[in-house]
Amino acid sequence: MEKNSSPYVCHVFVCVNDRKGARKSCADGNSPAVKQLLKGEFKKRGWTGKVRVSHCGCMGLCMDGPNVMLYPQRIWFSGVTEDNTDSVIREVESIMEDHDGG
Ligand code: FES
């Protein structure tokens, strides 16, 4: 095993846990579509290899979902839907500007 630093400037985790209505979960808010939308936006900006979007399982704040977490910045968005991803995108833009010295 090796221990390394993350290769990404920003790793975006989108919870896609789906409890199929038994209890609230992030998939209730169509989080898989949020993930696809964010992936597309970051790819358009040419950030492949710098910004990574991954789906993940439950992050523990299910009642506030859909949840999106930016690592290693420790920024957390709740209630993210396809209609309000602008705030997430703006935040990642700001992170990338800071990283690129812009
Ligand atoms: S189901 Fe997404 S945080 Fe628990």
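Contact, for today, means heavy atoms within 4.5 Å. And helices (H or I, at least four residues) and strands (E, at least two) are DSSP runs, numbered from the N terminus.

Okay, a word on the model. It's a predicted one, so to speak: local features need pLDDT of at least 70, side-chain atom pairs count only at pLDDT 80 or more, and totals for chains, interfaces and linings use all residues. Residues are numbered from 1 along each chain as its sequence is written, and side-chain values use heavy atoms, with hydrogens and water left out.

Let's start with helix H1, 31–44. Its 14 residues should span 20 Å at 1.5 Å a residue, taking the expected span as 1.5 Å times one less than the number of residues. The end C-alpha atoms are 20 Å apart, so that agrees.

Which residues of H1 are buried? Ser31, Ala33, Val34, Lys35, Leu38, Glu41 and Phe42, where buried is under 20% relative accessible area, exposed over 50%, and partly exposed in between, with a 1.4 Å probe and protein chains only. What covers them includes E1, E2, E3 and H2. Take Leu38: leaving out residues up to four places away in sequence, Leu38 touches Val12, Val14, Val53, Thr85, Val88 and Ile89. After H1 comes Gly46, with a positive phi near 75°.

Now for the outside. Met63 sits in the loop between strand E2 (51–56) and strand E3 (68–71). Met63 is exposed, because its relative accessible area is 63%. Its C-alpha is 9.2 Å from that of Ser78, 15 residues apart along the chain.
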